[in-house]
Amino acid sequence: MPNSRTEPKQERARRTRGQILAVAAELFAQRGYATVTLQDVAERASMTKGAVYFHYKNKEDLAVAVVREHYGRWPGILEKVSLRELPAFEALVEVLAQVSRTFHEDVMVQAGARLQIERSLIEADLPEPYVGWEDYLTELVEAVEKAGELREGITPRAAARIIVATFFGMQHISDVLTRRADLAERQAELHTVLLDGLRRP
C-alpha cells in the first residue's frame, strides 16, 4: 500500500479517481443511473462526498467518465486479436467472442453499456454508441468477402449493422434476464445462426 506521505500528489489523485470510477461503475451496473447518488458512491468508496466532488463535479460527469472508460477498453482487446493474424472469418468470430467475454467479466463495460441505454436520463453528451462498431465490423466482413467466404447477396455494411444490432441486443437481454449468466450460451447461438449464416456454403 503506497505511503500517503511519500506518494506523489498527482499519483495519489489518479489512484483516487480510479477508485471512485470503479465504485461508480459497480453501482451504475447494478442499479442504473437514476437511483445512484454521489453519496452512494462516496459511502461505497469509504470517502467523504466532498472527496468525490473534488474529482467529479456531478453525477453526469461521473457517468460520462464511466462511458468513456467503457470505450477505452476496446482498442487493446481488438489489437490483441489483430496481432494473432487469424484468417478473415476466424478473426470476425474471435472478435465477437472476446467482446462477449468482456461484457461478461468487466463491470466497467457493463456499466457503460447500461448508461448508454439510459442516455435519455443523463443530461450530458455521451460518446455516440454503435457507429464505431459498425465501421470496424464492416472492415472485418470486407476481409471475409475479399477471401471469397461471404455468402452471395450480402453486403459488408449490411452484415455489420445486423451483427451490431444482434450482438448488443443479445447482451442487453442477457443482462436483464440472467445478469449475463447465459451470455456464453447466447454467444454460441449467435455464432451458429448468424455468423455461420454469413459464410458461403
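**Pocket, cavities and chain**

Trainee: How do the residues lining the largest pocket divide into nonpolar, polar and charged?
Mentor: Sort them by name: Ala, Val, Leu, Ile, Met, Phe, Trp, Tyr, Cys and Pro are nonpolar, Asp, Glu, Lys and Arg are charged, and the others, Gly among them, are polar. For the largest pocket that gives 9 nonpolar, 1 polar and 1 charged.

Trainee: Let me get the ground rules down. This is a predicted model, where local features need pLDDT of at least 70 and side-chain atom pairs count only at pLDDT 80 or more, while totals for chains, interfaces and linings use all residues. Residues are numbered from 1 along each chain as its sequence is written, and side-chain values use heavy atoms, with hydrogens and water left out. So, how much space lies in the largest pocket?
Mentor: On a 1 Å grid over the protein atoms alone, a pocket is an open set of points with protein on both sides within 12 Å along at least five of seven lines, whereas a cavity is a set where a 1.4 Å probe fits but cannot get out. Points are joined across faces, edges and corners, and a volume is the space filled by probe spheres set on them. For the largest pocket that is about 150 Å³.

Trainee: Which elements give two or more residues to its lining?
Mentor: A lining residue has an atom within 4 Å of a point; Leu78, Ser82, Val95 and Tyr136 are among them here. Helices are DSSP runs of H or I with at least four residues, strands are E runs of at least two, and both are numbered from the N terminus. The elements are α5 (74–83), α6 and α8.

Trainee: What volume does the largest cavity have?
Mentor: The model holds 2 cavities of 30 Å³ or more. The largest has a volume of about 100 Å³.

Trainee: Which helix gives the largest share of that cavity's lining?
Mentor: The lining has 13 residues, with His70, Ala113, Gln116, Tyr130 and Phe168 nearest the centre. Two or more residues come from each of α4 (59–72), α7 (107–117) and α9 (156–178). By class, 9 are nonpolar, 4 polar and none charged. The largest share, 4 residues, comes from α7.

Trainee: Is histidine 70 buried or exposed?
Mentor: Histidine 70 belongs to helix α4. Beyond its neighbours within four places in sequence, histidine 70 contacts (heavy atoms within 4.5 Å) Phe103, Met108, Val109, Gly112 and Ala113. Buried means under 20% relative accessible area with a 1.4 Å probe and protein chains only, exposed means over 50%, and partly exposed is in between. Because its relative accessibility is 3%, histidine 70 counts as buried.

Trainee: Which helix gives the largest share of the second largest cavity's lining?
Mentor: This cavity holds about 30 Å³ of space. Its lining is Leu96, Val99, Trp133, Leu137, Val164, Phe167 and Phe168, and α6 (88–105), α8 (131–146) and α9 each give two or more of these. By class, that is 7 nonpolar, no polar and no charged residues. The largest share, 3 residues, comes from α9.
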